[in-house]
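Colleague: I would like to go through this model with you, one feature at a time. Please give the general idea where there is one, then the case at hand.

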Amino acid sequence: MDGLEIKQKREELGLTQKELADLIGASRETIINYEKGRPIPKSKSEILNKVLEPGAVYHKTVKQQEVVRLTEDFENKNGNKFIELPNGQYYMLMPLAEFNVQAGFLSAYQDADFLMDLSQHGILVDKPVQGRYVAFRVNGDSMDDASSNAITRNSIVSTRELQRHHWKGKLRYRDFPYWVIYTTQSKMPLLKEIIDHNVEEGTITCHSLNDSPEFTDFNLHMNDIQALFYVIDVNRTVGKKSFY
């Protein structure tokens with residue numbers, strides 16, 4: 001599907017560029033670029049074909065000036081939507097916490113109206129799953145060491161919340177090394193690698209990939225943690241490394 005075809009089908013369905021962007025977990029600027037003929041990744045191409053195909057049930061249609069929202073493929077109890085693709089995989093959509101909402105995110109993220117106002121980010125999964133999945137825009141350079149593992153500023157990390165009753169056992173930090181952590185010591189969430197969990201003392205050791213002196217390892221007591229989200233996918237940006 002080329003850019004002209006995307007634009008034509010989008011307009012036939014009565015979708016704005018922003019509405020189409022939200023459906024595929026992208027920004028309006030991304031849709032603008034696609035419609036101008038910029039390259040489209042395979043994962044996005046599959047979801048675009050699915051969303052824009054005739055008779056699709058994922059879009060809005062306009063009838064007699066009334067906007068009607070049609071049903072999605074599947075939605076779990078936490079509001080994550082799953083769109084089945086022709087190859088048998090699913091495209092999972094999750095709310096994207098941009099910088100401006102991250103400080104107050106915890107107090108509102110179970111509010112359906114709040115989540116509906118957020119942009120969406122999507123990743124490919126093998127099947128619909130339960131759990132609460134949230135994406136965060138990365139702010140800061142603590143996880144940028146200029147290596148292939150670097151998580152640079154403006155990257156997007158997709159996460160699953162680890163419910164508090166699971167904190168009593170040892171965290172699976174070897175399987176999922178990177179975590180978004182809300183603590184009582186900071187309004188903004190931290191993105192860190194957890195390198196140790198001392199169950200007896202109730203502490204975790206947080207590590208930054210960036211070895212700059214201001215990013216030294218530190219311990220956090222579990223009593224000071226408000227929420228834990230383990231990272232399941234990283235959508236990295238490529239840019240010049242910088243320090244502030």
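Colleague: Which residue just after α2 takes a positive phi?

Modeller: This is a predicted model, so every value here is computed from it. The residue is G25, which follows directly on α2 and has a positive phi of about 70°. A glycine also follows α1: G14, just after that helix, takes a positive phi of about 75°.

Colleague: What does the chain as a whole contain?

Modeller: The chain has seven helices and 13 strands. Of its 244 residues, 45% are buried. Taking contacts between residues at least 6 apart in sequence, 62% join residues at least 24 apart.

Colleague: How should I read the pattern of buried residues along a helix, and which residues of α2 are buried?

Modeller: An α-helix has 3.6 residues a turn, so residues three or four places apart point the same way. In α2, residues 17-24, the buried ones are Q17, L20, A21, L23 and I24. They span an arc of only 160° around the axis, which places them on the same side of α2.

Colleague: What covers the buried residues of α2?

Modeller: The cover includes the helices α1 (3-12), α3 (28-35) and α4 (42-52), along with the strands β4 (81-84) and β5 (90-97).

Colleague: Which residues of α1 are buried?

Modeller: They are G3, I6 and R10. Viewed down the axis of α1, these buried residues fall within an arc of 60°, so they line one face of the helix. L4 and E12, on the other side of α1, are exposed. The cover over the buried residues of α1 includes α2, α3 and α4.

Colleague: How is the packing of two helices described, and at what angle do α2 and α4 cross?

Modeller: Two packed helices are described by the angle between their axes and the distance between the axes. The axes of α2 and α4 cross at roughly 120° and come within 10 Å. The two helices are therefore oblique to each other, and their crossing is right-handed. At the contact, L20, L23 and I24 of α2 meet K44, I47, L48, V51 and L52 of α4.

Colleague: Which residues of α4 are buried?

Modeller: K44, E46, I47, L48, K50, V51 and L52 are the buried residues of α4. What covers them includes α1, α2 and α3, and also β4, β5 and β6 (120-125).

Colleague: How do α2 and α3 cross?

Modeller: Their axes come within 8 Å and cross at roughly 105°. α2 and α3 are therefore roughly perpendicular to each other. From α2, Q17, K18, L20, A21 and I24 meet R28, I31, I32, Y34 and E35 of α3.

Colleague: What is the idea behind a nonpolar core, and which members of the largest one touch the most others?

Modeller: In soluble globular proteins, nonpolar side chains tend to be buried together. The largest nonpolar core has 22 residues, and those touching the most other members are F105, F114, F136, I151, V157, L191 and F229. At least two residues of this core come from each of α6 (105-108), α7 (112-116), β7 (133-137), β9 (178-183) and β13 (225-235). A second, separate core of 18 residues includes A21, A26, V51 and L85.

Colleague: Beyond its neighbours within four places in sequence, which residues is L191 in contact with?

Modeller: L191 is in contact with V138, S142, M143, I151, V157, W179, V180 and V231.

Terms used: Residues numbered from 1 in each chain as written. Predicted model: local features only at pLDDT ≥ 70, side-chain atom pairs only at ≥ 80, totals over all residues. Heavy atoms only, no water. Buried < 20%, exposed > 50% of the residue type's maximum accessible area, 1.4 Å probe, protein only. Helix = DSSP H or I, 4+ residues; strand = E, 2+ residues; numbered from the N terminus. Arc of directions from axis to C-beta. Contact = heavy atoms within 4.5 Å. Core = buried A, V, L, I, M, F, W, Y, C linked by side-chain atoms within 4.5 Å. Axes fitted to C-alpha atoms, helices over the stretch in contact; angles between N-to-C directions. Parallel < 35°, antiparallel > 145°, perpendicular 65-115°, else oblique. Left-handed = near helix turned anticlockwise from the far one by under 90°.
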